[in-house]
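Please look at the model with both topics in mind.

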There are 2 protein chains.
Amino acid sequence: MSYTLDRGDLADLARGAALLGTGGGGDPYIGRLLVDQALRHGPGTITVLDPDDLRDDDFVIPTAQMGAPTVMVEKIPRGDEAVAALRALEDHLGRRADATMPIECGGINSMIPLLVAARTGLPVVDADGMGRAFPELQMETFSVYGVPGSPLAVGGENGETVIIDTGADNRRMEWLARGIAVRLGGVAHIAEYAMSGADVRRTAVPRTLGLGLRIGRALRAARENHRDPVEALADTMAGTLYDKVRVLFRGKVVDVERRTEAGFARGHATIAAFDGPRTLELTFQNEHLVARAGGEVRCVVPDLICVLEADTGEPITTEGLRYGQRAVVVGISTPDLMRSPEALGVFGPRAFGLDMEFQPVEDLVPL
Amino acid sequence: MSYTLDRGDLADLARGAALLGTGGGGDPYIGRLLVDQALRHGPGTITVLDPDDLRDDDFVIPTAQMGAPTVMVEKIPRGDEAVAALRALEDHLGRRADATMPIECGGINSMIPLLVAARTGLPVVDADGMGRAFPELQMETFSVYGVPGSPLAVGGENGETVIIDTGADNRRMEWLARGIAVRLGGVAHIAEYAMSGADVRRTAVPRTLGLGLRIGRALRAARENHRDPVEALADTMAGTLYDKVRVLFRGKVVDVERRTEAGFARGHATIAAFDGPRTLELTFQNEHLVARAGGEVRCVVPDLICVLEADTGEPITTEGLRYGQRAVVVGISTPDLMRSPEALGVFGPRAFGLDMEFQPVEDLVPL
């Protein structure tokens, strides 16, 4: 069902998107402020289109920000870069978009399409290409199920545009676009994976924007009602495509090693139990990739590894991890669409250089 | 006057272009082989258009290779990358080119437009935008005199294309294109500075292709006739836009320090006199930038600093410099068009981070 969003929804959506970002996708805070400002000076509301309400031949151009989250929180966008990318791609393809859409439902990229929508009046499709956040542009269900990412358009803060066309090779598109993002200071705004309404229904993870909003509301309500945030999260996920929720660990952040290299934020974090010598080790490339306790894998990509503040339930991004934070680490099953052999080939453990097979979180951590 | 080139001209042109490349522009050898092959399988000859034979509204798209010369000699092109760049720019602009043109008359970039001409049947304009070689894309007389380099098209070896549009900011165009060149392995083939025939006549350094050919022939004839190559060179340059030729130094290469960084070949070379303790120090960024003897500047960019094998007169590129080579270093005055205050602002000493004013070689080394 299609619906409208207004400024009052943004804080909850940002909170839910930060959770679905599994530590990455960029802190949605700045994106939220930009959308809030655009709504205040513009239409007031954004239309969110259910994928079922798209016509087969509607033309959808997803918009996003790419780069290292460590840079995204310091380099504030002007606000029109993603619109410039969309317009450059429209000009290149000779066709106007009927809607925009997120490429990932986590982090700042839940906000960028809303910003484009608020500035252009286009609706946003309630779906995305990752069902979470991933660090690279070929890691999309669109790509897995045959939609080319090219041509990709970049819009920069000085009005520059770049069009990258690598045909069907989405990995090479990522490689070249990342080079441009690095040259633009570590962040670029992009439009890519232009596709038909029929392809959205065939390849996208549906209704993740609405899910992010419900997660954000549930975490806020839990805090207001002094309820365990993980319990509230599990209730929200029940009956969705993400219906297995497991507590992986509770403890204190005792070590974070983080570096910004080749346009990514990479590193490790260690969380020590409150009550004993046990630790959980998290490895991340923008997003959390794997959680290990005592050398044993507890959850691995593409399942979601989410770090929450233990008391407030507020999601913590990888660049927000700090010594001394009290955290609960949660594993969530990713949608089946993202666990197929084709999907695991693109964004399973080995795609990130991890020498292991994917194992579902519900098998690694039985109830 | 317009004329035709055939396979028999290529070796002489490559030699002359290597000299005008002032050590950079890439070794023309591989480019020459590619042109030779294209002519053998294609039209047999290439039409070289005098700038005066262009119509005002002819549409000229220069083509070139960019990257580190150290990579260019190791990474052999497929041969169709520059044509792909030209076609991508034509498609983007919605207009077919009437001719191509070099962006620099030195090194491999004297050959790339010939390769495009041999493969497409387009004529090549006898002019260029540097009157020599320079390492960066904003360092063009086209840019100095108001022709925007954007949009620039890149054609890669896997069929990928990139269109970069930075409006009137040619320095930023260089910055983004260099990022793509690095991602493509250190070399990219490009089409840029699309312009009218009238703009070619207004902004280009004229007849440098023909000059390269004459230089190459003169150096070969000198070798065959056991004549001093520098004398033959001075005779060739007399009456051209480059009419002051000075011997800066004769000696043996005793030290070369070279590194490939950020897509450039940078370094220093030291040449020791045959008969005493004197040395000449050369500093280069792809091309030679400054020659100093005993701490005193003898020649500085944009004047040409050319290193020749002492006995054969064969030009030596910066990536070809080797310990023990016997060399004569020659300074040549650059055309007046390239010594204007506007031009020196773009490719004078300070544009390369050298803390000095430009001084003409004829003042630094009086006859």
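## Basis

Buried area is the accessible area (1.4 Å probe) that two parts lose on being put together, summed over both. This is a predicted model, in which local features need pLDDT of at least 70 and side-chain atom pairs count only at pLDDT 80 or more, while totals for chains, interfaces and linings use all residues. Side-chain values use heavy atoms, with hydrogens and water left out.

## Domain interface in chain A

Chain A is divided into domain 1 (3-206) and domain 2 (228-364), with bounds that come from an automatic or database domain assignment. The centres of the two domains, taken over C-alpha atoms, are separated by 24 Å. Their contact (heavy atoms within 4.5 Å) takes 38 residues from domain 1 and 39 residues from domain 2. About 2900 Å² is buried between them, and carbon and sulfur atoms give 68% of this area.

One salt bridge is counted between the domains, the term meaning a side-chain nitrogen of Lys or Arg within 4 Å of a carboxyl oxygen of Asp or Glu. A salt bridge joins the side chains of Arg15(A) and Glu314(A), at 3.1 Å from N to O.

## Relation of the chains

Superposed by least squares on the C-alpha atoms of residues with pLDDT of at least 70 in both, chain A can be laid on chain B with an RMSD of 0.0 Å by a turn of 180° and a shift of 0.0 Å along the axis. That is the relation of a two-fold axis. The same surface serves both copies, since 100% of the contact residues of chain A recur in chain B.

Technical notes: Residues are numbered from 1 along each chain as its sequence is written. Chains are lettered from A and ligands numbered from 1 in the order in which they are written.
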